[in-house]
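Here are my notes on the model you sent.

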Amino acid sequence: MENICRIAEDKTYKKYSATDENIYPFRLMPKVDGRRRVVLLGATGSVGSSTLEVIRKHGDKLQLVGIAGGSRESELNAVADEFGVSESVLFSRDGEPGLEYLATLPEADIVLVATTGTAALRAVLAALEAGKDVALANKETLVAGGHLVKAAEQKSAGRVFPVDSEHNAIFQCLEGNRTHGSIKRLLLTASGGAFRDKTLEELKNVTVDDALLHPNWSMGPKITVDCATMANKGLEMIEACRLFDVEPSQIDVVVHPQSIVHSMVEFCDNSIIAQMSKPSMTFAIQHILMYPERKEGIHESLDFSKMMNLEFRPPDEKLFPCLRLARQSLEAGGIYPLSFNAANEVAVDAFMHRGLPFLSIPAIIEEVLENVHYSLPDTVDELIDTESRIQADALKRLTF
Ligand code: NAD
Ligand code: MG
């Protein structure tokens, strides 16, 4: 088994190749008074603020060294002041080098990516190239550019750690349990979003405000709408395939309205391991930023002295066609996952800001997928260009 060791000034890395028993790297935290130094992209968002909570609580183990946000400059400045961060960047697509600059800061150990869309793709690649670890909350980057990210990771001393709660749960369930061929399937749990109990008739007239009322999680607006259409779970199926190197047929979605079980792994002996906690992103963020150490969490534990029901049921793909479309895109591979993501972004934006009916979101995605005629680009420049073309195509298909 290939075994890469690197001793840096204040840390020891030990990394194993993803082949057999030891599929996960073993890593030691910085020694003595060393702190893990974190760059946070998307510091003013929902995952960004949960990350700041974790860093605030564990200031003896974590240090914020760089932050970026897409807007809200005064908020960003307040974060820089509070954490004594000297490197902060206010970023728009034109200013993309700013994200790459931060992601490759010599003093950074790990880059937590909590931006939306594929804005941070170049920064993720640059971080890996510079040997940094990447803690990925953002899923669109892996869905659209997974092949580029995986290739960069293979050459890097750093690696990609999952912060999306389902994937973080799977990561935890697999640790110490994965041997060649041992995984039967990954079970991604889904809250079902704001409309999980609605009928098709009722879905015709739902509003943006309705879609933004998520029953369990407080998140940014785009992902909240993605939960309502279940496109989020579709993106997460693709993300899981990329992260854990499993076949599309090995991924199932289970609706679990309480959002206590964050995902499960079924092994070939039919035994299932699940990860549970209250629904807060701070668990997954802290798990990765402190990995492999465990320290006191921000939220209290589950209270088993009180009655608690955990329900599981299959998803309704007729009511939520985005799930079917994502699965088909995953199975087709190539340009399709990127196209699914690009079309979804355009459709969700049109739903939120331009009055596109809710049920037209999957319809637009399906039309784009039926007409896409590009092949999967193998450079980041081409990929960004192709993504823009697909988005332009989706925009043309908006008729309402
Ligand atoms: P959000 O909209 O609350 O925050 C996004 C952050 O990124 C903001 O700080 C914004 O200013 C910044 N940003 C957006 N575009 C940018 C750009 N071009 N350049 C620099 N900064 C930019 O979003 P969120 O809910 O925190 O989600 C962030 C990512 O994490 C998404 O990919 C989402 O799917 C994923 N995620 C979120 C949650 C959650 O609980 N919110 C859970 C799992 C995964
Ligand atoms: Mg998730």
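1. Metal site. In this predicted model, the magnesium ion (ligand 2) has three residues as donors: Asp164 through OD, and Glu166 and Glu236 through OE, at 2.0 to 2.2 Å. Along the sequence, these donor residues follow the spacing D-x1-E-x69-E. Glu166 belongs to helix 6 (residues 165-174) and Glu236 to helix 10 (residues 231-244), so this pair ties together parts that lie 70 residues apart in sequence.

2. Are Glu166 and Glu236 buried or exposed? Glu166 has a relative accessibility of 8% and therefore counts as buried, the limit for that class being under 20%. Glu236, at 1%, counts as buried too.

3. Aromatic pairs: Phe161 and Tyr291. The structure contains 5 aromatic pairs. In one of them, the ring centres of Phe161 and Tyr291 are 5.6 Å apart; the planes meet at 55°, so the pair is classed as tilted. Phe161 sits in strand 9 (residues 160-162), while Tyr291 sits in the loop between helix 11 and helix 12, so the contact ties together parts 130 residues apart in sequence. Phe161 is buried at 4% relative accessibility, and Tyr291 is buried with a relative accessible area of 3%.

4. Aromatic pairs: Phe195 and Phe358. The ring centres of Phe195 and Phe358 lie 5.0 Å apart with planes at 90°, so this pair is edge-to-face. The pair links distant parts of the chain, 163 residues apart: Phe195 is in the loop between strand 10 (183-190) and helix 7 (200-203), and Phe358 is in the loop between helix 13 (336-353) and helix 14 (360-371). Both residues, Phe195 and Phe358, are buried.

5. Surroundings of Phe161. Which residues does the ring cluster hold? Ring pairs join Phe161, Phe171 and Tyr291 into a cluster.

6. Nonpolar surface patch. Met276, Phe304, Met308, Leu310 and Phe312 make up a nonpolar patch on the surface, and together they have about 460 Å² of accessible area. One of these residues, Phe304, is found in the loop between helix 11 (281-290) and helix 12 (321-332). Its relative accessibility is 58%, so Phe304 counts as exposed, a class that begins over 50%.

Notes. Residues numbered from 1 in each chain as written. Chains lettered and ligands numbered in written order. Predicted model: local features only at pLDDT ≥ 70, side-chain atom pairs only at ≥ 80, totals over all residues. Heavy atoms only, no water. Donors = N, O, S within 2.8 Å, 3.2 Å for Na, K, Ca; no water. Helix = DSSP H or I, 4+ residues; strand = E, 2+ residues; numbered from the N terminus. Buried < 20%, exposed > 50% of the residue type's maximum accessible area, 1.4 Å probe, protein only. Patch = residues over 30% accessible without salt bridge, like charges linked within 9 Å, V, L, I, M, F, W, Y side chains within 5 Å. Areas by Shrake-Rupley, 256 points an atom, 1.4 Å probe, with all protein chains shown as cover. Salt bridge = Lys/Arg side-chain N within 4 Å of Asp/Glu carboxyl O. Phe/Tyr/Trp six-rings, centres within 6.5 Å; stacked < 30°, edge-to-face > 60°.
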